[in-house]
Amino acid sequence: SEAIPAVISLVAGMLGGAIGVGVAYPLDTLKTKTQSSAGGSTSSSNPFTLARTIYREEGVPGFYGGVSSTMAGQAIIKGVLFLQYNAARNALARANILGTFALILAAASSGAVGSLVITPVERVKCVMQAMPAGSFKGPIACIREILRRDGTSGLFFRGLGATLLRELPACTFYFVTFDLTKALLLGSGALPRTSALLISGAFAGAMSWIPVYPVDVVKTQIQIELDEGSEEASGFLGHARRLWQAGGFWAFWDGLGPKLARAILNHAVTFFVFDFVCRAWMRLLL
């Protein structure tokens, strides 16, 4: 495929990330609220029951806690991910490293680089979503509270190890699945481009979450904590052990239904917008 200029990868990824997450945000809130009580007596595995509870107790705002910061954060995250992925692909192509192996290397590199941005953004998102609506006046107030109670390292690095453990394989599945599926669907000529992009994006979104979902559950448990030093006291394995003791195997899959629904919708939109912006740019050059 044609090399995409770095600035276009960045802008297209930012727009795709912001729009995609905004469209699917209520489903992500259901996922986070389910995970925040994973294994506990108040946890509901039924997303419809949980949605009714949120609406009854918090109203519509309960589904959108932290949406503005998340859209802004996802704009940065997806911009960085798409920028790194395409830059790595271009570099590998110049080194004559091609094919699926090149896609895997480029995708894994995007997960490694992106984790440094994803960790603080998702820290704020997880805290705001897990708390009742109105707990913070906005993302800035949430950031201040995290800094006050957990320090700078708590904002930028709490959950970094879990994020890396999730993002390296997730981004690999994400980009490789999309590119291979898109090539297959477009190559067959059976579907128009828009349908092929939406299907490929939806499939990529689902495939990027299923293998790493238990890691995401543990990461959420780590990141919703606000007390300084609490992560060091237990760490990833400590949180995983408590989840297992409280809810067994299924505690690691709480919220998977809304997460998959959200991922399918979010990433179908994200890749569609990314492709639209890139193609619009290419048309301007012709």
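User: Why does Lys-78 count as buried?

Analyst: This is a predicted model, in which local features need pLDDT of at least 70, side-chain atom pairs count only at pLDDT 80 or more, and totals for chains, interfaces and linings use all residues. Residues are numbered from 1 along each chain as its sequence is written, and side-chain values use heavy atoms, with hydrogens and water left out. Buried means under 20% relative accessible area, exposed over 50%, and partly exposed in between (1.4 Å probe, protein chains only). Lys-78 has 6% relative accessibility, so Lys-78 is buried.

User: Which residues does Lys-78 contact, leaving aside neighbours within four places in sequence?

Analyst: Contact means heavy atoms within 4.5 Å. On that basis Lys-78 is in contact with Gly-13, Met-14, Gly-17, Tyr-174, His-267 and Thr-270. Gly-17 lies 61 residues away from Lys-78 in sequence, yet their C-alpha atoms are 5.2 Å apart in space.

User: Why does Arg-166 count as buried?

Analyst: The relative accessibility of Arg-166 is 1%, and therefore Arg-166 is buried. Not counting residues up to four places away in sequence, Arg-166 touches several residues, including Glu-122, Trp-209 and Asp-216.

User: Why is Val-23 called partly exposed?

Analyst: Val-23 has a relative accessible area of 45%, so the term for Val-23 is partly exposed.
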